[in-house]
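Please read the following note beside the sequence and the three-dimensional view. The points are arranged by topic and may be checked one at a time.

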Amino acid sequence: MEDGLSSFWGPVTSTDWCEKNYVYSSYIAEFFNTISNVPGILLALIGLVNALRQRFEKRFSVLHISNMILAIGSMIYHSTLQHVQQQGDETPMVWEMLLYFYILYSPDWHYRSTMPTFLFFYGALYAVVHALFRFGFGFKVHYIILCLLCIPRMYKYYIYTKDVSAKRLAKLYVATLLLGSICWLSDRIFCKEISHWHFNPQGHALWHILMGFNSYFANTFLMFCRAQQREWNPKVVYFLGVFPYVKIQKPKSQ
């Protein structure tokens, strides 16, 4: 990659993306890849406020916080392009998927303590191993497998959900995931060609923005499904007519 200004963080030791480094600031290696995480942080904060305000189960507060941590880790990684910071981005990605796995599968798990215990130790072991060894392709394969394990349960929730607005959230989740993946792959595969263009479409930055919305849609859909399981009479309502969130009505005994 062609560099612009001098590097505050030193030579690149992490995976480099298709954005020219240090063009706008000597403190930010990839400017657009860094700031594009801001929407994800704001969306996760909105989800967290809604989860706390309506007293959803703590798992959803933790989920929204993990989304924020992941976005912040991505900002630090892309602003420095250092190997340690890349690990600090990738490890929370795995932890987040383990949390999604728990939220999706725990309602039907008969032995309540076994799943969180296993997932906790699995996540801790992965963090240690990932800190000691440098994964590249292996990390991507591992992450994709975790994502694929969540798909059957998401599909089951979708087909058993009759609410049209909730189904729309699931469709938006799939749409943003597919579109974001196209942006990510295009940025990675066609980087040499893009480097010769007068305008870089910033596919990886678009991936960050789309995945911020993707996580919000997924979390909101899962909150609806969980509220339905708990018989909290959930409804998808829209702030200012465009921004979806879940509103519930708990029985007085709860």
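1. A crossing of two helices is called left-handed if the near helix is turned anticlockwise from the far one by less than a right angle, and right-handed if clockwise. The model discussed here is predicted. In this model, H7 passes H9 in a left-handed crossing. The residues that form the contact of H7 with H9 comprise 18 nonpolar, seven polar and one charged.

2. Helix H7 covers residues 164-189 and helix H9 covers residues 203-229; the two pack at an angle of about 160 degrees, and their axes are 8 Å apart. H7 is therefore roughly antiparallel to H9, because angles over 145 degrees count as roughly antiparallel.

3. The unreviewed UniProt entry lists several stretches under "transmembrane region", among them residues 61-81 and 143-160. In the model, residues 61-81 are 95% helix and 0% strand, with the end C-alpha atoms 30 Å apart. Residues 143-160 are 100% helix and 0% strand, and here the end C-alpha atoms are 27 Å apart.

4. Side chains of opposite charge can pair when their charged atoms come close. The structure holds five salt bridges. One of them joins the side chains of Glu-57 and Arg-226, at 2.7 Å from N to O. This pair links distant parts of the chain, since Glu-57 is in the loop between helix H2 (38-53) and helix H3 (58-80), whereas Arg-226 is in helix H9, 169 residues apart. Is this pair of residues, Glu-57 and Arg-226, buried or exposed? Both residues are buried.

5. The side chain of Glu-57 also meets that of Arg-230 in a salt bridge, at 2.9 Å from N to O. Arg-230 lies in the loop between H9 and strand E1 (235-239) and Glu-57 in the loop between H2 and H3, so this pair ties together parts that are 173 residues apart in sequence. Arg-230 is partly exposed, because its relative accessible area is 31%. Glu-57 counts as buried because its relative accessibility is 15%, and the cut-off for buried is under 20%.

6. Asp-108 forms a salt bridge with Arg-153, in which the closest N and O atoms are 2.6 Å apart. Here too the pair links distant parts of the chain: Asp-108 is in the loop between helix H4 (83-105) and helix H5 (114-132), and Arg-153 is in helix H6 (residues 137-160), 45 residues apart. With a relative accessible area of 46%, Asp-108 is partly exposed, whereas Arg-153, at 7% relative accessibility, counts as buried.

7. Salt bridges that share partners join Glu-57, Arg-59, Arg-226 and Arg-230 into one network.

Methods:
Residues numbered from 1 in each chain as written. Predicted model: local features only at pLDDT ≥ 70, side-chain atom pairs only at ≥ 80, totals over all residues. Heavy atoms only, no water. UniProt positions renumbered as here; feature names shortened; annotations may be inferred. Helix = DSSP H or I, 4+ residues; strand = E, 2+ residues; numbered from the N terminus. Axes fitted to C-alpha atoms, helices over the stretch in contact; angles between N-to-C directions. Parallel < 35°, antiparallel > 145°, perpendicular 65-115°, else oblique. Nonpolar A, V, L, I, M, F, W, Y, C, P; charged D, E, K, R; others polar. Salt bridge = Lys/Arg side-chain N within 4 Å of Asp/Glu carboxyl O. Buried < 20%, exposed > 50% of the residue type's maximum accessible area, 1.4 Å probe, protein only.
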